[in-house]
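Subject: Structure handover

Hi,

Here is the structure for you to look at. Please open it first, then read my notes below.

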Amino acid sequence: MRTLTIGAFARACRLSPKALRLYDELDLLRPARVDPDTGYRHYAVEQLEQARLVAWLRRLGMPLARIREIRALDDPAAAREIRAYWARVEAETAVRRDLAAFLVDHLSDTSRRDTAMLELRYSAHSDRGLVRPANQDTAYAGARLLAVADGFGTAGGPASSAAVEALKFLDTEEAPAGGVLNLLEDAVRGASDAVRDVSDGTDETGTTLTALLWTGSRLALVHIGDSRAYLLRDGGLFRITHDHTVVQSLLDEGRLTPEEALSHPQPALLLKALSGGSHGTPDLRLHDARPGDRYLLCSDGLSTVVPDEDIHALLGTTPAPDAAVHALVSAANGAGGPDNVSCVVADVVEAAA
């Protein structure tokens, strides 16, 4: 077996000797031989490929513990794990990218700040559906706050109600455009505490939460779980939230096709929610508002049974928010109503003089 000194091996694989010593201590990349007298490390030439893989993964920013797991896999399995890791990095980066874009816009384009006199016209409706014995959803719409929460577990109803109640103070005071994300993030911490109080500290009970906070020119979004927010703008319907479910993560990672996702046995298995235990980090982002925009917040009792094209058609052809929420709920019940269904519709309009 041909070996290289640690210095020669470090130069060949582009890892520093210090890094190689650390990876030895962490059982990530052991030397082929250690001199019993000097303690000097020697590496086999055949280990160069492993070392280069470690170096490449570190350049991706992958944690050492995750690299150790990947090193134990065969090549196809390792490739799938790297793809999954990068999908998560891109999702997290997208949130930071949106915030950065907002900050650039906010600091460089003063002429647009809160000059348009806009307001919301809104309506909310929640329905038990045709199958469930009780309604565990909560829907709320006010002049500044829009929210939908979908509870689960034995105290799911109180959990969803507690989460929304914890945000309602935001509806009574004007939110500053510059600090709205911090304000919303702090409010969600309070909502999380409120859910924990009613769930006895267990993950068995909890709630999703999707909410929008109006600043007068922008809407700040907070989202955790699989309730959804949509934007109808210029005739197109856009989903502006990303489901925190196992099925969605498998889709993101390329492990499921959209057709396979439709028949998955656990479509509503959540990766994130507000619960008594660890709940994950919610998504936070900002959206510039335009006159004519229409926003929809809904629980999965709508989105899992009514296709997006039908939601699009109903939102685009039903002028008043109140009529729109009732039409959407009726569509869900017309499709069997297997779950509670809640909808909030809000239109961005020019304020009356």
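**The whole protein**

The protein has 12 helices and 15 strands. Keep in mind that this is a predicted model. Along the principal axes, the C-alpha atoms fill a box of roughly 85 × 50 × 40 Å. The protein counts 353 residues, and 48% of them are buried.

**Helix α2**

Start with helix α2, residues 17-25. Which of its residues are buried? They are A19, L20, Y23 and D24. Look down the axis of α2: these buried residues fall within an arc of 140 degrees, so they line one face of the helix. K18 and E25 sit on the other side of α2, and both are exposed.

What do the buried residues of α2 pack against? There are two kinds of partner here:

- Helices: α1 (6-13), α3 (48-59) and α4 (64-71).
- A strand: β3 (41-44).

**How α1 meets α2**

Two packed helices are described by the angle between their axes and the distance between the axes. For α1 and α2, the angle is about 100 degrees, and the axes are 9 Å apart. Angles of 65 to 115 degrees count as roughly perpendicular. The two helices α1 and α2 are therefore roughly perpendicular to each other.

Which residues make the contact? From α1 come I6, F9 and A10. From α2 come P17, L20 and R21. By type, the residues of this contact are 5 nonpolar, no polar and 1 charged.

**Two positive phi angles**

R14 lies in the loop between α1 and α2. R14 is not a glycine, yet its phi is positive, about 65 degrees. Is R14 buried or exposed? R14 is exposed, at a relative accessible area of 68%.

D27 comes after α2. You will find D27 in the loop between α2 and β2 (33-34). Phi of D27 is also positive, near 60 degrees, and D27 is a residue other than glycine. D27 is partly exposed, with a relative accessible area of 45%.

**Helix α6**

The buried ones are G156, G157, A159, S160, A162, A163 and V164.

What covers these residues of α6? The cover includes one helix, α7 (180-199). It also includes the strands β5 (137-141), β6 (145-152), β7 (206-207), β8 (209-214) and β12 (274-275).

**Cysteines**

How many disulfides does the structure hold? It holds 0. Take C343 as a case. The closest cysteine sulfur to that of C343 is in C298, 5.7 Å away. A disulfide needs the two sulfur atoms within 2.5 Å, so 5.7 Å is too far for a bond. C343 is also buried, at 0% relative accessibility. C13 is another buried residue, with a relative accessible area of 2%.

E81 is in helix α5, residues 75-108. E81 is partly exposed, at a relative accessible area of 24%. What does E81 touch, leaving out residues up to four places away in sequence? E81 touches R66, I70, L73 and R255. E81 and T281 are 200 residues apart along the chain, and their C-alpha atoms are separated by 22 Å.

R196 lies in helix α7. R196 is partly exposed, with a relative accessible area of 30%. R196 and G206 are 10 residues apart along the chain. Their C-alpha atoms are separated by 7.9 Å.

**Where to begin**

Begin with α2 and find its buried face. Then turn to α1 and check the angle of about 100 degrees.

Best wishes

Methods: Residues are numbered from 1 along each chain as its sequence is written. This is a predicted model: local features need pLDDT of at least 70, side-chain atom pairs count only at pLDDT 80 or more; totals for chains, interfaces and linings use all residues. Side-chain values use heavy atoms; hydrogens and water are left out. Buried means under 20% relative accessible area, exposed over 50%, partly exposed in between (1.4 Å probe, protein chains only). Helices (H or I, at least four residues) and strands (E, at least two) are DSSP runs, numbered from the N terminus. The arc is that of the directions from the helix axis to the C-beta atoms. Contact means heavy atoms within 4.5 Å. Axes are lines fitted to C-alpha atoms, for helices over the stretch in contact, and angles run from 0 to 180 degrees between N-to-C directions. Angles under 35 degrees count as roughly parallel, over 145 as roughly antiparallel, 65 to 115 as roughly perpendicular and the rest as oblique. Ala, Val, Leu, Ile, Met, Phe, Trp, Tyr, Cys and Pro count as nonpolar, Asp, Glu, Lys and Arg as charged, and the others, Gly among them, as polar.
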